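Please read them alongside the sequence and the structure shown below.

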Amino acid sequence: MPASPSSSAQAARKAVAERLRELMLDAGLNGKQLAARCGWTPAKTSRIINAKTPPSDADIRAWCAACDADDQAADLIARSRQADAMFLEWRRMERSGLRQAQQAVRPLYERTRSFRAYAPWVLPGMVQTRAYTTRVLTAIRDRRGLADDVEPAVDERMDRQHILYEGRHRFALLIEESVLRNGLGGRPVMLEQLRHLLTVGRLPNVSLGVVPMRPDRDNGWPVEGFWIYDQTQVNVELVSGYLTITQPSEIAMYEKVFGELSDLAVRGVQARALITAAIDALG
(Lines give C-alpha, C1' and ligand atoms only; values in the text may rest on other atoms or scores of the structure.)
Protein backbone atom coordinates (compact mmCIF):
# COMPACT_ATOMS: atom_id res chain seq x y z
CA MET A 1 0.00 0.00 0.00
CA PRO A 2 1.36 3.48 -0.83
CA ALA A 3 2.38 5.83 1.93
CA SER A 4 -0.43 8.07 3.06
CA PRO A 5 -0.75 11.22 0.92
CA SER A 6 0.18 13.60 3.72
CA SER A 7 3.26 11.50 4.58
CA SER A 8 4.41 11.54 0.95
CA ALA A 9 4.94 15.30 1.03
CA GLN A 10 6.53 15.04 4.48
CA ALA A 11 8.89 12.33 3.25
CA ALA A 12 10.08 14.67 0.48
CA ARG A 13 10.73 17.40 3.06
CA LYS A 14 12.66 14.95 5.24
CA ALA A 15 14.84 14.01 2.28
CA VAL A 16 15.82 17.67 1.84
CA ALA A 17 16.45 18.01 5.58
CA GLU A 18 18.63 14.90 5.61
CA ARG A 19 20.72 16.22 2.72
CA LEU A 20 21.26 19.51 4.54
CA ARG A 21 22.34 17.57 7.63
CA GLU A 22 24.83 15.58 5.53
CA LEU A 23 26.34 18.79 4.16
CA MET A 24 26.74 20.13 7.70
CA LEU A 25 28.47 16.97 8.91
CA ASP A 26 30.68 16.76 5.80
CA ALA A 27 31.83 20.31 6.57
CA GLY A 28 32.77 19.23 10.11
CA LEU A 29 30.15 21.45 11.73
CA ASN A 30 27.61 20.90 14.46
CA GLY A 31 24.26 22.62 14.77
CA LYS A 32 25.50 25.50 16.90
CA GLN A 33 28.46 26.21 14.63
CA LEU A 34 26.30 26.18 11.51
CA ALA A 35 23.77 28.49 13.18
CA ALA A 36 26.54 30.95 14.06
CA ARG A 37 27.77 31.01 10.46
CA CYS A 38 24.26 31.54 9.14
CA GLY A 39 23.35 34.17 11.71
CA TRP A 40 20.35 32.42 13.24
CA THR A 41 19.59 30.47 16.40
CA PRO A 42 20.59 26.82 16.98
CA ALA A 43 16.88 26.10 17.45
CA LYS A 44 16.24 27.05 13.83
CA THR A 45 18.95 24.66 12.67
CA SER A 46 17.35 21.90 14.71
CA ARG A 47 13.88 22.58 13.27
CA ILE A 48 15.24 22.45 9.71
CA ILE A 49 17.24 19.26 10.30
CA ASN A 50 14.21 17.55 11.83
CA ALA A 51 11.94 18.71 8.97
CA LYS A 52 9.73 20.62 11.38
CA THR A 53 10.32 23.90 9.56
CA PRO A 54 10.76 23.89 5.76
CA PRO A 55 13.78 26.00 4.78
CA SER A 56 13.32 29.02 2.57
CA ASP A 57 15.41 29.52 -0.56
CA ALA A 58 17.55 32.00 1.38
CA ASP A 59 17.99 29.50 4.24
CA ILE A 60 19.27 26.86 1.82
CA ARG A 61 21.70 29.29 0.18
CA ALA A 62 23.03 30.38 3.58
CA TRP A 63 23.33 26.76 4.74
CA CYS A 64 25.24 25.70 1.62
CA ALA A 65 27.53 28.75 1.84
CA ALA A 66 28.29 27.93 5.48
CA CYS A 67 29.25 24.40 4.43
CA ASP A 68 31.33 25.53 1.42
CA ALA A 69 28.83 23.72 -0.79
CA ASP A 70 27.37 26.56 -2.85
CA ASP A 71 27.16 24.23 -5.85
CA GLN A 72 24.50 22.20 -4.00
CA ALA A 73 22.14 25.11 -3.38
CA ALA A 74 20.26 25.17 -6.70
CA ASP A 75 19.43 21.45 -6.60
CA LEU A 76 18.29 21.58 -2.98
CA ILE A 77 16.13 24.63 -3.61
CA ALA A 78 14.45 22.81 -6.51
CA ARG A 79 13.86 19.72 -4.34
CA SER A 80 12.49 21.83 -1.51
CA ARG A 81 10.07 23.65 -3.83
CA GLN A 82 8.90 20.33 -5.24
CA ALA A 83 8.21 19.05 -1.72
CA ASP A 84 6.16 22.17 -0.97
CA ALA A 85 4.23 21.79 -4.24
CA MET A 86 3.35 18.13 -3.70
CA PHE A 87 0.43 18.95 -1.46
CA LEU A 88 -1.85 21.74 -2.63
CA GLU A 89 -4.77 22.72 -0.45
CA TRP A 90 -8.10 22.85 -2.28
CA ARG A 91 -8.75 26.41 -1.14
CA ARG A 92 -5.57 27.51 -2.92
CA MET A 93 -6.31 25.53 -6.06
CA GLU A 94 -9.92 26.69 -6.19
CA ARG A 95 -9.28 30.28 -5.13
CA SER A 96 -10.62 31.49 -8.47
CA GLY A 97 -13.42 28.94 -8.63
CA LEU A 98 -14.11 25.41 -9.77
CA ARG A 99 -13.73 26.25 -13.44
CA GLN A 100 -10.20 27.51 -12.84
CA ALA A 101 -9.34 24.26 -11.06
CA GLN A 102 -10.68 22.24 -13.98
CA GLN A 103 -8.78 24.34 -16.53
CA ALA A 104 -5.55 23.98 -14.55
CA VAL A 105 -5.27 20.26 -15.23
CA ARG A 106 -6.23 20.38 -18.90
CA PRO A 107 -2.63 20.59 -20.26
CA LEU A 108 -1.76 17.47 -18.28
CA TYR A 109 -4.67 15.57 -19.83
CA GLU A 110 -3.85 16.77 -23.34
CA ARG A 111 -0.22 15.64 -23.26
CA THR A 112 -0.74 12.32 -21.46
CA ARG A 113 -1.04 9.27 -23.68
CA SER A 114 -1.59 6.51 -21.10
CA PHE A 115 -4.00 7.03 -18.21
CA ARG A 116 -4.51 4.65 -15.30
CA ALA A 117 -7.18 5.52 -12.76
CA TYR A 118 -8.52 3.87 -9.63
CA ALA A 119 -11.92 5.01 -8.35
CA PRO A 120 -13.01 3.83 -4.88
CA TRP A 121 -15.74 6.44 -4.23
CA VAL A 122 -16.75 8.41 -7.35
CA LEU A 123 -16.63 7.47 -11.02
CA PRO A 124 -13.64 8.95 -12.89
CA GLY A 125 -14.34 12.39 -14.34
CA MET A 126 -13.36 11.29 -17.83
CA VAL A 127 -16.38 8.95 -18.03
CA GLN A 128 -18.92 11.03 -16.10
CA THR A 129 -22.15 12.30 -17.62
CA ARG A 130 -23.03 15.98 -17.41
CA ALA A 131 -25.69 15.34 -14.76
CA TYR A 132 -23.32 13.23 -12.63
CA THR A 133 -20.53 15.81 -12.89
CA THR A 134 -22.98 18.56 -11.96
CA ARG A 135 -23.96 16.73 -8.78
CA VAL A 136 -20.31 16.05 -7.88
CA LEU A 137 -19.14 19.62 -8.41
CA THR A 138 -22.21 21.05 -6.68
CA ALA A 139 -21.44 18.94 -3.61
CA ILE A 140 -17.82 20.16 -3.69
CA ARG A 141 -18.97 23.78 -4.00
CA ASP A 142 -21.26 23.44 -1.01
CA ARG A 143 -18.76 21.55 1.14
CA ARG A 144 -15.96 24.05 0.56
CA GLY A 145 -18.06 27.21 0.39
CA LEU A 146 -16.90 28.17 -3.10
CA ALA A 147 -18.24 30.65 -5.62
CA ASP A 148 -21.13 29.34 -7.70
CA ASP A 149 -19.45 28.60 -11.04
CA VAL A 150 -20.55 24.96 -11.27
CA GLU A 151 -22.01 25.27 -14.77
CA PRO A 152 -18.84 26.62 -16.48
CA ALA A 153 -16.77 24.09 -14.51
CA VAL A 154 -18.98 21.29 -15.83
CA ASP A 155 -18.61 22.70 -19.36
CA GLU A 156 -14.83 22.56 -19.00
CA ARG A 157 -14.84 18.96 -17.78
CA MET A 158 -17.23 17.85 -20.51
CA ASP A 159 -15.11 19.54 -23.18
CA ARG A 160 -12.02 17.82 -21.82
CA GLN A 161 -13.62 14.46 -22.52
CA HIS A 162 -12.88 14.86 -26.24
CA ILE A 163 -9.58 13.04 -25.65
CA LEU A 164 -11.59 9.94 -24.79
CA TYR A 165 -12.73 9.63 -28.39
CA GLU A 166 -9.61 10.68 -30.32
CA GLY A 167 -7.90 7.30 -30.15
CA ARG A 168 -4.51 8.80 -29.30
CA HIS A 169 -5.03 8.33 -25.56
CA ARG A 170 -5.46 5.03 -23.76
CA PHE A 171 -7.38 4.56 -20.51
CA ALA A 172 -7.17 1.76 -17.96
CA LEU A 173 -9.92 2.38 -15.41
CA LEU A 174 -10.50 0.41 -12.20
CA ILE A 175 -13.77 1.04 -10.37
CA GLU A 176 -14.89 -0.48 -7.09
CA GLU A 177 -18.28 -2.18 -7.47
CA SER A 178 -19.57 -0.13 -4.52
CA VAL A 179 -19.19 3.01 -6.69
CA LEU A 180 -21.82 1.56 -9.02
CA ARG A 181 -24.26 1.23 -6.14
CA ASN A 182 -23.70 4.27 -3.93
CA GLY A 183 -26.62 6.20 -5.46
CA LEU A 184 -24.67 9.42 -5.86
CA GLY A 185 -26.91 12.07 -7.39
CA GLY A 186 -30.09 10.05 -7.07
CA ARG A 187 -31.75 7.36 -9.15
CA PRO A 188 -32.21 9.16 -12.52
CA VAL A 189 -28.65 10.48 -12.49
CA MET A 190 -27.18 7.09 -11.61
CA LEU A 191 -29.25 5.27 -14.23
CA GLU A 192 -28.03 7.57 -16.98
CA GLN A 193 -24.47 7.38 -15.66
CA LEU A 194 -24.34 3.59 -15.50
CA ARG A 195 -25.77 3.25 -19.01
CA HIS A 196 -23.14 5.70 -20.24
CA LEU A 197 -20.46 3.64 -18.50
CA LEU A 198 -21.57 0.58 -20.47
CA THR A 199 -21.11 2.54 -23.69
CA VAL A 200 -17.73 4.01 -22.79
CA GLY A 201 -16.49 0.61 -21.66
CA ARG A 202 -16.80 -0.66 -25.23
CA LEU A 203 -14.44 1.96 -26.69
CA PRO A 204 -11.31 0.29 -28.15
CA ASN A 205 -8.95 2.56 -26.22
CA VAL A 206 -10.66 1.98 -22.86
CA SER A 207 -10.01 -0.94 -20.52
CA LEU A 208 -12.76 -0.92 -17.90
CA GLY A 209 -12.30 -3.10 -14.84
CA VAL A 210 -14.71 -3.47 -11.93
CA VAL A 211 -13.40 -4.74 -8.60
CA PRO A 212 -16.23 -6.95 -7.27
CA MET A 213 -17.49 -6.79 -3.72
CA ARG A 214 -16.59 -10.04 -2.00
CA PRO A 215 -16.51 -11.49 1.54
CA ASP A 216 -12.91 -12.73 1.37
CA ARG A 217 -10.85 -9.82 0.11
CA ASP A 218 -7.53 -10.45 1.83
CA ASN A 219 -5.36 -8.72 -0.76
CA GLY A 220 -5.66 -5.51 -2.76
CA TRP A 221 -7.41 -3.49 -0.09
CA PRO A 222 -9.11 -0.26 -1.24
CA VAL A 223 -6.92 2.85 -1.09
CA GLU A 224 -7.36 6.51 -1.93
CA GLY A 225 -8.46 7.31 -5.47
CA PHE A 226 -5.59 8.16 -7.81
CA TRP A 227 -4.61 8.80 -11.43
CA ILE A 228 -1.33 7.74 -13.03
CA TYR A 229 -0.34 9.87 -16.04
CA ASP A 230 2.02 7.95 -18.33
CA GLN A 231 4.86 7.00 -15.97
CA THR A 232 5.67 10.55 -14.93
CA GLN A 233 3.08 11.70 -12.40
CA VAL A 234 0.47 10.50 -9.92
CA ASN A 235 -2.34 12.71 -8.65
CA VAL A 236 -4.33 11.89 -5.53
CA GLU A 237 -7.48 13.76 -4.56
CA LEU A 238 -8.08 14.15 -0.82
CA VAL A 239 -10.77 15.79 1.27
CA SER A 240 -8.33 18.54 2.21
CA GLY A 241 -6.09 18.83 -0.80
CA TYR A 242 -4.52 17.64 -4.00
CA LEU A 243 -1.34 15.59 -3.98
CA THR A 244 1.08 15.48 -6.91
CA ILE A 245 3.74 12.76 -6.92
CA THR A 246 6.67 12.80 -9.33
CA GLN A 247 9.31 10.77 -7.48
CA PRO A 248 9.95 7.58 -9.52
CA SER A 249 10.03 5.37 -6.42
CA GLU A 250 6.63 6.61 -5.26
CA ILE A 251 5.13 6.37 -8.74
CA ALA A 252 6.33 2.77 -8.78
CA MET A 253 4.45 2.14 -5.53
CA TYR A 254 1.20 3.35 -7.04
CA GLU A 255 1.86 1.32 -10.18
CA LYS A 256 2.33 -1.76 -8.00
CA VAL A 257 -0.93 -1.13 -6.15
CA PHE A 258 -2.74 -0.52 -9.44
CA GLY A 259 -1.47 -3.88 -10.63
CA GLU A 260 -2.67 -5.63 -7.47
CA LEU A 261 -6.11 -4.07 -7.75
CA SER A 262 -6.19 -4.83 -11.46
CA ASP A 263 -5.67 -8.52 -10.68
CA LEU A 264 -8.89 -8.45 -8.62
CA ALA A 265 -10.97 -6.75 -11.30
CA VAL A 266 -13.28 -8.33 -13.85
CA ARG A 267 -13.64 -7.01 -17.37
CA GLY A 268 -15.66 -7.48 -20.51
CA VAL A 269 -18.83 -9.53 -20.08
CA GLN A 270 -18.32 -9.91 -16.33
CA ALA A 271 -17.83 -6.18 -15.77
CA ARG A 272 -20.88 -5.37 -17.87
CA ALA A 273 -22.88 -7.88 -15.83
CA LEU A 274 -22.00 -6.04 -12.60
CA ILE A 275 -22.94 -2.67 -14.13
CA THR A 276 -26.20 -4.12 -15.48
CA ALA A 277 -26.98 -5.60 -12.06
CA ALA A 278 -26.49 -2.16 -10.50
CA ILE A 279 -28.87 -0.70 -13.10
CA ASP A 280 -31.45 -3.39 -12.35
CA ALA A 281 -31.15 -2.69 -8.62
CA LEU A 282 -32.18 0.90 -9.26
CA GLY A 283 -35.40 -0.40 -10.75
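1. Helix 10 (residues 150-160) has as its buried residues V150, A153, V154, E156, R157, M158 and R160, where buried means under 20% relative accessible area, exposed over 50% and partly exposed in between, with a 1.4 Å probe and protein chains only. Helices (H or I, at least four residues) and strands (E, at least two) are DSSP runs, numbered from the N terminus. The cover over these buried residues includes helix 7 (98-104), helix 8 (106-111) and helix 9 (130-144).

2. The basis of these values should be kept in mind: this is a predicted model, in which local features need pLDDT of at least 70 and side-chain atom pairs count only at pLDDT 80 or more, while totals for chains, interfaces and linings use all residues. Residues are numbered from 1 along each chain as its sequence is written, and side-chain values use heavy atoms, with hydrogens and water left out.

3. Within helix 10, E156 is buried, with a relative accessible area of 10%. Leaving aside neighbours within four places in sequence, E156 is in contact (heavy atoms within 4.5 Å) with Q102, Q103 and R106. The side chains of E156 and R106 are joined by a polar contact of 3.2 Å; such a contact is a pair of N or O atoms within 3.5 Å, where within protein one must be able to donate a hydrogen and the other to accept it, and residues adjacent in sequence count only if both atoms are side-chain atoms.

4. Turning to the strands, R116 lies in strand 2 (residues 114-119) and is buried, with a relative accessible area of 18%. The side chain of R116 reaches the backbone oxygen of D230 at 3.1 Å, and the residues in contact with R116, beyond its neighbours within four places in sequence, include A172, E255 and F258.

5. Strand 2 and strand 5 run antiparallel and are joined by four bridges, with R116 standing opposite I228; two strands pair if DSSP finds at least two bridges between them. Strand 5 (residues 226-229) is covered on both faces, with F226 and I228 buried on one side and W227 and Y229 buried on the other.

6. On to strand 6 (residues 233-237), which runs antiparallel to strand 5 and is joined to it by four bridges, I228 stands opposite V234. These two strands form a hairpin with three residues between them, and D230 in the turn has a positive phi of about 50°.
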